[in-house]
Amino acid sequence: MNGALLAAAALSKRFGGVHAVNGISLEVRAGEIVSLVGPNGAGKTTVFNLVTGFIRPDAGRVAFRGRDVTGMAPEKLCRLGLVRTFQASRVFGDMRVEDNVKVGAMVRGGTGAAIEQGARDALDPFGARMHEYLDRPAAKLSFANRRRVELARALATRPVLLAMDEPTAGMNPAETRELMDLIRRLRDGGLTVLVIEHDMTLVMGISDRVIVLDHGELLTEGPPEAVRANPRVIEAYLGRPIVTAESS
């Protein structure tokens with residue numbers, strides 16, 4: 001599959017009479033930020049679930065780091081370096097923030113001290129304020145901070161590729177800009193990122209490539225500027241031009 005870090009070939013998935021994903025092929029190369037976009041019902045989350053092992057495809061293959069991982073369980077993929085976050089926050093509400101993040105660090109094993117250090121290292125990108133919350137139950141945090149805990153837990157697994165499903169859902173503009181900066185810094189530090197996102201300002205601001213889905217099929221892909229100007233993409237977004245910070 002052309003040496004891509006993550007590659008999907010001819011993926012298809014039906015749910016009853018609905019063809020949610022129909023023959024989609026895509027790839028993510030090491031060091032990229034790739035955004036997966038499209039109207040509601042385009043098949044984005046289904047593709048995410050297929051490539052991260054949460055559901056099995058009816059047809060097609062998935063490869064990660066040159067290995068066929070089609071249908072591999074998510075926990076095994078996580079140990080290989082492919083980890084995901086979810087659109088709905090999934091923190092352990094009754095557990096302390098530090099313990100939430102330790103769950104991710106435990107994937108790599110080691111002693112208790114190593115797990116504790118791995119958790120604290122994963123919180124470092126979020127600044128000193130998150131360290132102030134180490135002993136606080138995750139359920140007591142603001143929505144944005146729960147998002148940060150979830151992302152830190154994913155980072156604690158030491159992923160090679162981080163897949164995020166609508167990470168800015170529920171965030172205000174300032175929190176979204178902060179997350180954009182963080183994603184760039186993570187990529188600059190060697191992490192590869194695949195993201196589903198409806199916020200086109202974020203998509204156009206951070207992406208190396210954008211992959212557009214519509215009705216379960218690949219519509220187009222390319223650099224953000226080319227995708228934004230593509231008439232087929234504009235039509236898929238209800239006939240309205242895609243407005244970003246640069247174009248507004």
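## Terms and model

Two strands pair if DSSP finds at least two bridges between them. Helices (H or I, at least four residues) and strands (E, at least two) are DSSP runs, numbered from the N terminus. This is a predicted model, in which local features need pLDDT of at least 70, side-chain atom pairs count only at pLDDT 80 or more, and totals for chains, interfaces and linings use all residues. Residue numbers start from 1 along each chain as its sequence is written, and side-chain values use heavy atoms, with hydrogens and water left out.

## The sheet

Four strands make an open sheet, ordered S2-S1-S4-S5, with antiparallel pairing. S2 and strand S5 (67–68) are the edge strands; each has a single partner strand, so one side of each is left without a neighbour in the sheet.

Helix H1 (residues 44–51) packs on this sheet and touches S1, S2 and S4. Contact means heavy atoms within 4.5 Å. The direction of H1 makes about 120° with that of S1. Such angles run from 0 to 180 degrees between N-to-C directions; axes are lines fitted to C-alpha atoms, for helices over the stretch in contact.

## Strand pairings

Strand S1 (residues 6–15) pairs with strand S2 (residues 18–28) in the antiparallel sense, over eight bridges. The two form a hairpin with two residues between them. Gly 16, in the turn, has a positive phi of about 65°. Leu 6 stands opposite Val 28 in S2.

S1 also pairs with S4 in the antiparallel sense, here over five bridges. Which residues face Ser 12? In S2, its bridge partner is Asn 22. In S4, Ser 12 stands opposite Ala 59.

Strand S4 (residues 59–64) and S5 are joined by two bridges, again antiparallel. Phe 64 stands opposite Arg 67 in S5.

## The H4–H6 contact

Two packed helices are described by the angle between their axes and the distance between the axes. For helix H4 (residues 112–123) and helix H6 (residues 143–156), the axes come within 8 Å and cross at roughly 125°. That makes H4 oblique to H6. Angles under 35 degrees count as roughly parallel, over 145 as roughly antiparallel, 65 to 115 as roughly perpendicular and the rest as oblique. H4 passes H6 in a right-handed crossing, meaning that the near helix is turned clockwise from the far one by less than a right angle.

Gly 118, Ala 122 and Leu 123 in H4 meet Ala 152, Leu 155 and Ala 156 in H6. The residues of this contact divide into five nonpolar, one polar and no charged. Ala, Val, Leu, Ile, Met, Phe, Trp, Tyr, Cys and Pro count as nonpolar, Asp, Glu, Lys and Arg as charged, and the others, Gly among them, as polar.
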